[in-house]
Amino acid sequence: MKHTRILSLVLCTALVCGLLAGCTGGSSGDSASHSTSSGSTASSVPLPDSTTQANTGSLLPGSFDENSVSSLDSISDAFAPCLGWGPGVSGCSLKSVIAAASLLHWAEQAHLSARSSEEIQDAFYGWFNALSAVDQENFAEAWTMIEPAALDLLSDKDSMTDLISDAGLDPDTLPGCTLKNWQALQNVLDQRVPEAQGEF
């Protein structure tokens with residue numbers, strides 16, 4: 001009988017030890033499982049706003065992006081129709097309309113009203129000073145016809161229907177410029193073109 005009790009006591013002790021070992025292992029596993037779950041949750045949390053890329057969106061109407069700055073460099077193309085003719089030359093009326101349309105388009109594309117007069121002057125002088133003396137005088141003379149043609153396109157396009165058609169221009173795209181953008185260019189040229197100053 002004593003033997004049986006001792007054996008039962010040993011078995012109970014072994015059983016309790018086994019249960020305790022099982023609980024400890026489970027607890028450890030649960031801890032690891034919880035740790036893994038926490039790591040998973042942490043990795044799915046969105047990054048702070050400061051680390052995401054900024055979305056600038058579209059520019060406000062009337063503003064111009066940095067790419068439009070290069071449009072000042074296209075002044076040579078814009079002013080090309082202004083050279084090689086002048087008052088009294090055959091077809092000068094048509095040529096003045098073509099040149100005016102080109103300058104109006106450039107003034108609009110370059111957003112000249114949003115620029116300083118110094119910027120426009122620098123762009124103009126960069127082009128004008130690179131011309132030969134003959135071309136400089138030629139442009140100055142042509143400007144006296146280009147300026148009024150541009151103003152007519154802005155204020156009285158209907159009266160120029162025939163000229164526009166004969167010049168091969170699309171009336172629907174003209175004048176294609178706001179008065180402010182044109183005046184920003186006109187004011188600079190009126191002050192800087194020698195013919196306008198009576199210097200030629």
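Here is a short tour of this model, one selection at a time.

**Before you click.** What you have open is a predicted model, in which local features need pLDDT of at least 70 and side-chain atom pairs count only at pLDDT 80 or more, while totals for chains, interfaces and linings use all residues. Residues are numbered from 1 along each chain as its sequence is written, and side-chain values use heavy atoms, with hydrogens and water left out.

**Stop 1: the whole chain.** Switch to cartoon. You get eight helices and zero strands; here helices (H or I, at least four residues) and strands (E, at least two) are DSSP runs, numbered from the N terminus. Now colour by burial: of the 200 residues, 28% are buried. Buried means under 20% relative accessible area, exposed means over 50%, and partly exposed is in between (1.4 Å probe, protein chains only).

**Stop 2: F79 and F139.** The structure as a whole holds 13 aromatic pairs. The rule takes rings of Phe, Tyr and Trp (its six-membered ring) with centres within 6.5 Å; planes under 30 degrees apart are stacked, over 60 edge-to-face, and the rest tilted. Select F79 and F139: the ring centres are 5.7 Å apart and the planes sit at 45°, so this pair is tilted. F79 belongs to helix α3 (residues 75–79) and F139 to helix α6 (residues 133–155), so the pair ties together parts 60 residues apart in sequence. F79 is buried at 0% relative accessible area, and F139 is buried at 0% too.

Stop 3: Keep F139 and show W127. Their ring centres are 5.1 Å apart with planes at 85°, so this one is edge-to-face. W127 comes from helix α5 (residues 117–128) and F139 from α6, so the pair ties together parts twelve residues apart in sequence. W127 counts as buried, at 7% relative accessibility.

Now widen the selection to F79, W106, F124, Y125, W127, F128, F139, W143 and W182: ring pairs link these into a cluster.

**Stop 4: the core.** A nonpolar core is a set of buried Ala, Val, Leu, Ile, Met, Phe, Trp, Tyr and Cys residues joined through side-chain atoms within 4.5 Å. The largest one has 41 residues, and those touching the most other members are F79, W106, L112, F124, F139, I146 and L185. Which elements give two or more residues to this core? They are α3, α4 (92–109), α5, α6 and α8 (179–192). Of these, α4 gives the most, with nine residues.

**Stop 5: helix packing.** Axes are lines fitted to C-alpha atoms, for helices over the stretch in contact, and angles run from 0 to 180 degrees between N-to-C directions. α5 and α8 pack at about 60°, axes 10 Å apart, and are therefore oblique to each other (under 35 degrees is roughly parallel, over 145 roughly antiparallel, 65 to 115 roughly perpendicular, the rest oblique). α6 and α8 pack at about 160° with axes 12 Å apart, which makes α6 roughly antiparallel to α8.

**Stop 6: R115 and E119.** Last selection. A salt bridge needs a side-chain nitrogen of Lys or Arg within 4 Å of a carboxyl oxygen of Asp or Glu, and by that rule the count is one. R115 pairs with E119, with 3.6 Å between the closest N and O atoms.
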